[in-house]
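Work through the exercises below with the model open. Each task is followed by a stepwise solution.

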Amino acid sequence: MSVSVFAPASIGNVSIGFDVLGLAVQPVDGSLLGDVVSVELAQQDELSVIGDFADKLPSSPADNIVWHCLKLFNQALINTGQKVKPVKLILDKKMPVGSGLGSSACSVVAGLQALNAFYDDFFAKDVMLKMMGQMEAQISGSLHYDNVAPCYLGGLQLMIADPEIITRTLPVFEDCFYVMAYPGIEVSTKAAREVLPTEYSRCDVIQYGQTLAGFVDACYRQDKQQAFGQFTDVVAEPYRENLLPGFSDAKAYLYQQNCLAVGISGSGPTLFAVTDDQSVANAAASWLKEHYLKTNLGFVHVCKADNKGARCL
Ligand SMILES: Nc1ncnc2c1ncn2[C@@H]1O[C@H](COP(=O)(O)OP(=O)(O)OP(=O)(O)O)[C@@H](O)[C@H]1O
Ligand SMILES: N[C@@H](CCO)C(=O)O
(Lines give C-alpha, C1' and ligand atoms only; values in the text may rest on other atoms or scores of the structure.)
(Ligands and ions follow the chains in the order given, each with its own letter.)
Protein backbone atom coordinates (compact mmCIF):
# COMPACT_ATOMS: atom_id res chain seq x y z
CA MET A 1 0.00 0.00 0.00
CA SER A 2 1.49 3.32 -1.12
CA VAL A 3 0.42 6.82 -0.04
CA SER A 4 1.36 10.07 -1.82
CA VAL A 5 0.80 13.48 -0.24
CA PHE A 6 1.14 16.89 -1.91
CA ALA A 7 1.87 19.97 0.25
CA PRO A 8 1.44 23.43 -1.33
CA ALA A 9 3.65 26.50 -1.48
CA SER A 10 2.93 29.31 0.95
CA ILE A 11 3.53 33.03 1.48
CA GLY A 12 5.07 33.40 4.93
CA ASN A 13 4.51 36.71 6.78
CA VAL A 14 2.20 38.08 4.04
CA SER A 15 4.32 41.25 4.52
CA ILE A 16 2.39 42.81 7.41
CA GLY A 17 2.27 39.71 9.63
CA PHE A 18 5.87 38.73 10.29
CA ASP A 19 5.95 35.14 11.65
CA VAL A 20 2.19 35.49 12.32
CA LEU A 21 0.42 35.26 8.93
CA GLY A 22 0.78 32.63 6.22
CA LEU A 23 -1.21 31.92 3.05
CA ALA A 24 -1.18 28.70 1.00
CA VAL A 25 -1.30 29.31 -2.74
CA GLN A 26 -1.94 27.24 -5.87
CA PRO A 27 -1.36 28.11 -9.54
CA VAL A 28 -4.57 28.83 -11.45
CA ASP A 29 -3.25 26.65 -14.32
CA GLY A 30 -3.52 23.59 -12.05
CA SER A 31 0.22 22.88 -11.87
CA LEU A 32 1.50 21.46 -8.58
CA LEU A 33 3.55 24.16 -6.79
CA GLY A 34 4.71 22.18 -3.76
CA ASP A 35 6.44 18.97 -2.76
CA VAL A 36 5.16 15.39 -2.93
CA VAL A 37 6.18 12.58 -0.57
CA SER A 38 5.21 8.94 -1.16
CA VAL A 39 5.39 6.21 1.49
CA GLU A 40 5.29 2.43 1.02
CA LEU A 41 6.15 -0.62 3.11
CA ALA A 42 9.78 -1.77 2.66
CA GLN A 43 12.40 -4.16 4.05
CA GLN A 44 14.17 -1.25 5.75
CA ASP A 45 13.84 2.55 6.06
CA GLU A 46 15.09 4.38 2.99
CA LEU A 47 14.65 7.77 1.33
CA SER A 48 15.11 8.62 -2.32
CA VAL A 49 14.83 12.13 -3.72
CA ILE A 50 13.67 12.95 -7.25
CA GLY A 51 12.38 16.12 -8.90
CA ASP A 52 13.56 19.37 -10.46
CA PHE A 53 15.32 20.59 -7.31
CA ALA A 54 16.63 17.29 -5.93
CA ASP A 55 20.17 18.31 -6.83
CA LYS A 56 19.89 21.39 -4.59
CA LEU A 57 19.42 19.25 -1.47
CA PRO A 58 22.06 17.64 0.74
CA SER A 59 23.54 14.65 -1.10
CA SER A 60 23.10 12.33 1.88
CA PRO A 61 19.48 11.30 2.49
CA ALA A 62 20.28 11.32 6.22
CA ASP A 63 20.69 15.12 5.97
CA ASN A 64 17.32 15.57 4.29
CA ILE A 65 14.60 17.04 6.51
CA VAL A 66 12.20 14.31 5.35
CA TRP A 67 14.52 11.71 6.89
CA HIS A 68 14.42 13.66 10.16
CA CYS A 69 10.62 13.70 9.87
CA LEU A 70 10.63 9.89 9.65
CA LYS A 71 12.79 9.61 12.77
CA LEU A 72 10.59 12.06 14.69
CA PHE A 73 7.39 10.34 13.57
CA ASN A 74 8.68 6.87 14.48
CA GLN A 75 9.74 8.06 17.93
CA ALA A 76 6.26 9.53 18.44
CA LEU A 77 4.75 6.16 17.48
CA ILE A 78 7.04 4.31 19.89
CA ASN A 79 6.17 6.78 22.66
CA THR A 80 2.50 5.86 22.20
CA GLY A 81 3.23 2.11 22.19
CA GLN A 82 2.69 1.63 18.47
CA LYS A 83 4.64 -0.79 16.27
CA VAL A 84 6.89 0.93 13.72
CA LYS A 85 7.05 -0.45 10.15
CA PRO A 86 10.06 -0.06 7.83
CA VAL A 87 9.14 2.24 4.91
CA LYS A 88 10.49 3.58 1.66
CA LEU A 89 10.01 7.33 1.26
CA ILE A 90 10.20 9.11 -2.08
CA LEU A 91 10.48 12.92 -2.02
CA ASP A 92 9.60 14.61 -5.29
CA LYS A 93 11.39 17.94 -4.69
CA LYS A 94 9.43 20.27 -6.93
CA MET A 95 10.13 23.37 -4.82
CA PRO A 96 13.29 25.47 -5.03
CA VAL A 97 15.38 25.63 -1.85
CA GLY A 98 15.77 28.98 -0.11
CA SER A 99 13.00 30.42 -2.28
CA GLY A 100 10.61 32.17 0.12
CA LEU A 101 7.87 29.76 -1.04
CA GLY A 102 7.99 27.63 2.12
CA SER A 103 10.08 24.94 0.42
CA SER A 104 11.29 23.16 3.56
CA ALA A 105 7.76 23.42 4.98
CA CYS A 106 6.45 21.62 1.87
CA SER A 107 8.86 18.74 2.50
CA VAL A 108 8.12 18.65 6.24
CA VAL A 109 4.34 18.74 5.80
CA ALA A 110 4.24 16.30 2.89
CA GLY A 111 6.59 13.92 4.73
CA LEU A 112 4.81 13.91 8.06
CA GLN A 113 1.32 13.85 6.55
CA ALA A 114 2.25 10.99 4.20
CA LEU A 115 3.50 9.00 7.19
CA ASN A 116 0.36 9.80 9.16
CA ALA A 117 -1.83 8.75 6.23
CA PHE A 118 0.21 5.52 5.95
CA TYR A 119 -0.67 4.87 9.62
CA ASP A 120 -4.38 5.65 8.98
CA ASP A 121 -4.18 9.18 10.40
CA PHE A 122 -3.07 7.90 13.79
CA PHE A 123 -2.05 11.33 15.10
CA ALA A 124 -4.52 14.22 15.50
CA LYS A 125 -4.00 17.51 13.64
CA ASP A 126 -2.70 19.39 16.68
CA VAL A 127 -0.03 16.76 17.31
CA MET A 128 0.92 16.79 13.64
CA LEU A 129 1.21 20.60 13.53
CA LYS A 130 3.49 20.60 16.58
CA MET A 131 5.75 18.01 14.94
CA MET A 132 5.82 20.13 11.77
CA GLY A 133 6.79 23.21 13.77
CA GLN A 134 9.54 21.24 15.49
CA MET A 135 11.01 20.19 12.12
CA GLU A 136 10.72 23.70 10.66
CA ALA A 137 12.53 25.11 13.72
CA GLN A 138 15.29 22.53 13.28
CA ILE A 139 15.89 23.61 9.71
CA SER A 140 15.55 27.41 10.01
CA GLY A 141 16.98 27.87 13.49
CA SER A 142 13.83 29.28 15.07
CA LEU A 143 10.23 28.21 15.61
CA HIS A 144 7.69 29.84 13.27
CA TYR A 145 4.52 28.26 11.91
CA ASP A 146 3.71 30.75 9.13
CA ASN A 147 4.73 28.31 6.40
CA VAL A 148 3.88 24.91 7.91
CA ALA A 149 0.42 25.97 9.17
CA PRO A 150 -1.00 27.18 5.82
CA CYS A 151 0.87 24.43 3.96
CA TYR A 152 -0.76 21.79 6.20
CA LEU A 153 -4.19 23.30 6.84
CA GLY A 154 -4.58 25.45 3.72
CA GLY A 155 -5.93 28.97 3.38
CA LEU A 156 -4.86 32.03 5.36
CA GLN A 157 -3.55 31.18 8.81
CA LEU A 158 -3.14 33.53 11.78
CA MET A 159 -0.68 32.30 14.39
CA ILE A 160 -2.03 33.00 17.88
CA ALA A 161 -0.15 33.06 21.19
CA ASP A 162 -1.84 29.97 22.70
CA PRO A 163 0.69 27.13 22.23
CA GLU A 164 -2.12 24.57 22.38
CA ILE A 165 -4.14 26.19 19.57
CA ILE A 166 -1.24 27.63 17.52
CA THR A 167 -3.27 28.88 14.54
CA ARG A 168 -6.70 30.09 13.41
CA THR A 169 -8.01 30.14 9.85
CA LEU A 170 -8.99 33.59 8.52
CA PRO A 171 -11.41 34.28 5.65
CA VAL A 172 -9.47 34.72 2.38
CA PHE A 173 -10.23 37.07 -0.51
CA GLU A 174 -11.35 34.34 -2.93
CA ASP A 175 -11.33 36.75 -5.91
CA CYS A 176 -7.72 37.81 -5.44
CA PHE A 177 -4.79 36.58 -7.51
CA TYR A 178 -1.30 36.20 -6.01
CA VAL A 179 1.41 36.53 -8.65
CA MET A 180 4.44 34.62 -7.33
CA ALA A 181 7.83 35.43 -8.91
CA TYR A 182 10.78 33.25 -7.84
CA PRO A 183 13.92 34.87 -9.37
CA GLY A 184 16.00 31.66 -9.39
CA ILE A 185 18.51 32.65 -6.70
CA GLU A 186 18.70 31.32 -3.13
CA VAL A 187 18.21 33.29 0.11
CA SER A 188 18.40 31.17 3.25
CA THR A 189 15.73 31.78 5.87
CA LYS A 190 18.36 31.61 8.60
CA ALA A 191 20.50 34.28 6.91
CA ALA A 192 17.47 36.46 6.23
CA ARG A 193 16.55 36.31 9.92
CA GLU A 194 20.05 37.22 11.00
CA VAL A 195 19.87 40.59 9.18
CA LEU A 196 16.84 41.67 11.22
CA PRO A 197 17.27 44.03 14.19
CA THR A 198 16.90 42.53 17.65
CA GLU A 199 14.93 45.60 18.81
CA TYR A 200 12.29 47.83 17.19
CA SER A 201 11.06 51.34 18.01
CA ARG A 202 7.76 51.95 19.80
CA CYS A 203 6.51 53.53 16.57
CA ASP A 204 7.27 50.35 14.58
CA VAL A 205 5.65 48.17 17.24
CA ILE A 206 2.45 50.24 17.14
CA GLN A 207 2.43 50.29 13.32
CA TYR A 208 2.96 46.51 13.13
CA GLY A 209 0.11 45.83 15.57
CA GLN A 210 -2.26 48.34 13.96
CA THR A 211 -1.61 47.13 10.41
CA LEU A 212 -1.94 43.46 11.34
CA ALA A 213 -5.11 44.01 13.37
CA GLY A 214 -6.56 46.12 10.56
CA PHE A 215 -5.80 43.36 8.06
CA VAL A 216 -7.49 40.69 10.19
CA ASP A 217 -10.58 42.90 10.66
CA ALA A 218 -10.63 43.55 6.89
CA CYS A 219 -10.51 39.81 6.15
CA TYR A 220 -13.63 39.23 8.25
CA ARG A 221 -15.43 42.16 6.62
CA GLN A 222 -14.00 41.26 3.19
CA ASP A 223 -12.77 44.85 2.85
CA LYS A 224 -9.92 44.79 0.30
CA GLN A 225 -9.28 48.50 0.52
CA GLN A 226 -8.57 48.28 4.25
CA ALA A 227 -6.73 44.96 3.92
CA PHE A 228 -4.27 46.22 1.33
CA GLY A 229 -4.48 50.00 1.70
CA GLN A 230 -1.87 50.26 4.48
CA PHE A 231 0.28 47.30 3.43
CA THR A 232 3.62 48.36 4.92
CA ASP A 233 6.05 45.87 6.46
CA VAL A 234 8.17 47.60 9.14
CA VAL A 235 9.65 44.36 10.56
CA ALA A 236 11.47 42.61 7.69
CA GLU A 237 11.28 44.28 4.27
CA PRO A 238 13.37 47.39 5.13
CA TYR A 239 16.22 45.07 6.19
CA ARG A 240 15.80 42.31 3.60
CA GLU A 241 15.00 44.15 0.37
CA ASN A 242 18.68 44.63 -0.43
CA LEU A 243 19.04 40.83 -0.43
CA LEU A 244 16.58 40.74 -3.32
CA PRO A 245 18.04 42.18 -6.57
CA GLY A 246 15.43 44.28 -8.36
CA PHE A 247 12.77 43.98 -5.66
CA SER A 248 12.36 47.71 -4.98
CA ASP A 249 12.04 48.60 -8.68
CA ALA A 250 9.62 45.75 -9.27
CA LYS A 251 7.49 46.81 -6.30
CA ALA A 252 7.31 50.41 -7.54
CA TYR A 253 6.39 49.30 -11.08
CA LEU A 254 3.71 46.84 -9.95
CA TYR A 255 2.00 49.43 -7.77
CA GLN A 256 1.93 51.75 -10.81
CA GLN A 257 0.20 48.89 -12.68
CA ASN A 258 -2.61 48.96 -10.09
CA CYS A 259 -1.62 45.94 -8.02
CA LEU A 260 -3.35 46.06 -4.62
CA ALA A 261 -0.20 45.01 -2.75
CA VAL A 262 3.38 43.84 -3.36
CA GLY A 263 5.70 42.18 -0.86
CA ILE A 264 8.40 39.68 -0.07
CA SER A 265 7.10 36.12 0.13
CA GLY A 266 8.42 34.71 3.39
CA SER A 267 12.10 35.45 3.78
CA GLY A 268 12.50 35.90 0.01
CA PRO A 269 13.70 36.15 -2.70
CA THR A 270 10.25 35.38 -4.12
CA LEU A 271 8.09 38.47 -4.65
CA PHE A 272 4.29 38.35 -4.49
CA ALA A 273 1.83 40.80 -6.01
CA VAL A 274 -1.90 40.90 -5.19
CA THR A 275 -4.69 41.93 -7.57
CA ASP A 276 -8.38 41.12 -8.04
CA ASP A 277 -8.10 41.74 -11.80
CA GLN A 278 -6.92 38.76 -13.87
CA SER A 279 -5.66 40.98 -16.70
CA VAL A 280 -3.52 42.92 -14.20
CA ALA A 281 -2.26 39.58 -12.82
CA ASN A 282 -1.33 38.30 -16.26
CA ALA A 283 0.40 41.57 -17.22
CA ALA A 284 2.32 41.56 -13.92
CA ALA A 285 3.39 37.95 -14.52
CA SER A 286 4.68 38.80 -18.00
CA TRP A 287 6.59 41.80 -16.69
CA LEU A 288 8.11 39.83 -13.81
CA LYS A 289 9.24 37.04 -16.15
CA GLU A 290 11.02 39.67 -18.21
CA HIS A 291 12.47 41.81 -15.43
CA TYR A 292 12.63 39.98 -12.06
CA LEU A 293 13.97 36.51 -12.95
CA LYS A 294 17.74 36.25 -12.54
CA THR A 295 18.51 32.66 -13.62
CA ASN A 296 16.89 29.94 -15.73
CA LEU A 297 15.71 28.32 -12.47
CA GLY A 298 13.34 31.22 -11.90
CA PHE A 299 9.61 31.03 -12.58
CA VAL A 300 6.39 33.02 -12.22
CA HIS A 301 2.96 31.61 -11.35
CA VAL A 302 -0.40 33.33 -11.17
CA CYS A 303 -1.97 31.78 -8.08
CA LYS A 304 -5.06 31.87 -5.93
CA ALA A 305 -5.48 30.88 -2.29
CA ASP A 306 -5.12 27.12 -1.75
CA ASN A 307 -7.80 26.29 0.81
CA LYS A 308 -7.14 22.55 0.82
CA GLY A 309 -3.60 22.39 2.20
CA ALA A 310 -1.81 19.04 2.34
CA ARG A 311 -3.74 16.31 0.51
CA CYS A 312 -3.41 12.77 -0.77
CA LEU A 313 -2.92 12.49 -4.55
N1 LIG B 1 13.63 18.48 1.84
C2 LIG B 1 14.22 19.67 2.00
N3 LIG B 1 13.66 20.79 1.48
C4 LIG B 1 14.25 22.00 1.62
N5 LIG B 1 15.42 22.20 2.29
C6 LIG B 1 15.99 21.09 2.81
C7 LIG B 1 15.42 19.81 2.72
N8 LIG B 1 16.20 18.94 3.37
C9 LIG B 1 17.23 19.66 3.86
N10 LIG B 1 17.13 20.94 3.50
C11 LIG B 1 18.07 22.01 3.83
O12 LIG B 1 17.41 22.94 4.70
C13 LIG B 1 17.78 24.27 4.38
C14 LIG B 1 16.50 25.02 4.06
O15 LIG B 1 16.84 26.33 4.09
P16 LIG B 1 15.74 27.48 4.11
O17 LIG B 1 14.82 27.27 5.24
O18 LIG B 1 16.43 28.75 3.98
O19 LIG B 1 15.05 27.22 2.77
P20 LIG B 1 13.66 26.71 2.40
O21 LIG B 1 12.82 26.39 3.57
O22 LIG B 1 13.91 25.65 1.41
O23 LIG B 1 13.10 27.97 1.67
P24 LIG B 1 11.91 28.92 1.98
O25 LIG B 1 11.31 28.57 3.30
O26 LIG B 1 12.55 30.27 1.95
O27 LIG B 1 11.01 28.65 0.84
C28 LIG B 1 18.72 24.22 3.18
O29 LIG B 1 20.05 24.31 3.65
C30 LIG B 1 18.47 22.82 2.61
O31 LIG B 1 19.63 22.29 2.01
N1 LIG C 1 8.49 34.15 8.83
C2 LIG C 1 9.84 33.62 8.57
C3 LIG C 1 9.87 32.55 7.51
C4 LIG C 1 8.95 32.80 6.36
O5 LIG C 1 9.13 31.91 5.31
C6 LIG C 1 10.78 34.73 8.17
O7 LIG C 1 10.35 35.66 7.52
O8 LIG C 1 11.95 34.62 8.54
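Predicted model: local features only at pLDDT ≥ 70, side-chain atom pairs only at ≥ 80, totals over all residues.

## Exercise 1: the largest pocket

**Task.** Describe the lining of the largest pocket: how many residues, of which classes, and from which helices and domains?

**Solution.** 
1. Count the lining. It has 35 residues.
2. Find the centre. Val97, Gly98, Ser104, Ile139 and Thr189 lie nearest to it.
3. Sort by class. The lining has 17 polar, ten charged and eight nonpolar residues.
4. Assign helices. Helix 2 (103–118), helix 3 (125–140) and helix 5 (189–194) each give at least two lining residues.
5. Assign domains. Domain 1 (2–171) and domain 2 (177–305) each contribute at least three residues.

## Exercise 2: the largest cavity

**Solution.** 
1. The structure has three cavities of 30 Å³ or more.
2. Take the largest cavity. Its volume is about 40 Å³.
3. Read off the lining: Val14, Leu23, Leu156, Val172, Phe173, Tyr178, Phe215 and Phe228.
4. Check the classes. The lining has eight nonpolar residues, with no polar and no charged ones.

## Exercise 3: ligand 2

**Task.** Which residues surround ligand 2, and how much of its accessible area does the protein cover?

**Solution.** 
1. Collect the surroundings. They are Asn13, Phe18, Asp19, His144, Asp146, Asn147, Thr189, Arg193, Arg240, Gly266 and Ser267.
2. Look at nitrogen. A side-chain N or O atom of Asn13 is 2.7 Å from a nitrogen atom of ligand 2. For the side chain of Asp146, the distance from an N or O atom to a ligand 2 nitrogen is 2.7 Å.
3. Look at oxygen. An oxygen atom of ligand 2 is 2.8 Å from a polar side-chain atom of Arg240.
4. Work out the cover. Ligand 2 on its own has 260 Å² of accessible area, and the protein covers 99% of that.

## Exercise 4: ligand 1

**Task.** Which residues are closest to ligand 1, and what share of its area does the protein bury?

**Solution.** 
1. Count the surroundings. There are 20 residues, and Gly100, Gly102, Ser103, Ser104 and Thr189 are the closest.
2. Inspect backbone contacts. An oxygen atom of ligand 1 lies 3.1 Å from a backbone N or O atom of Gly98. A polar backbone atom of Leu101 is 3.0 Å from an oxygen atom of ligand 1.
3. Ser107 has a polar side-chain atom 2.9 Å from a nitrogen atom of ligand 1.
4. Work out the burial. Ligand 1 exposes 610 Å² when taken alone, and the protein buries 87% of that.

How values were computed:
Residues numbered from 1 in each chain as written. Chains lettered and ligands numbered in written order. Heavy atoms only, no water. 1 Å grid on protein atoms, 1.4 Å probe; cavity = no way out; pocket = protein on both sides within 12 Å on 5 of 7 lines; lining within 4 Å. Helix = DSSP H or I, 4+ residues; strand = E, 2+ residues; numbered from the N terminus. Nonpolar A, V, L, I, M, F, W, Y, C, P; charged D, E, K, R; others polar. Domains from an automatic or database assignment. Points joined across faces, edges and corners; volume = space filled by probe spheres on them. Near = heavy atom within 4 Å. Polar contact = N/O pair within 3.5 Å; in protein donor to acceptor, adjacent residues only side chain to side chain. Areas by Shrake-Rupley, 256 points an atom, 1.4 Å probe, with all protein chains shown as cover.
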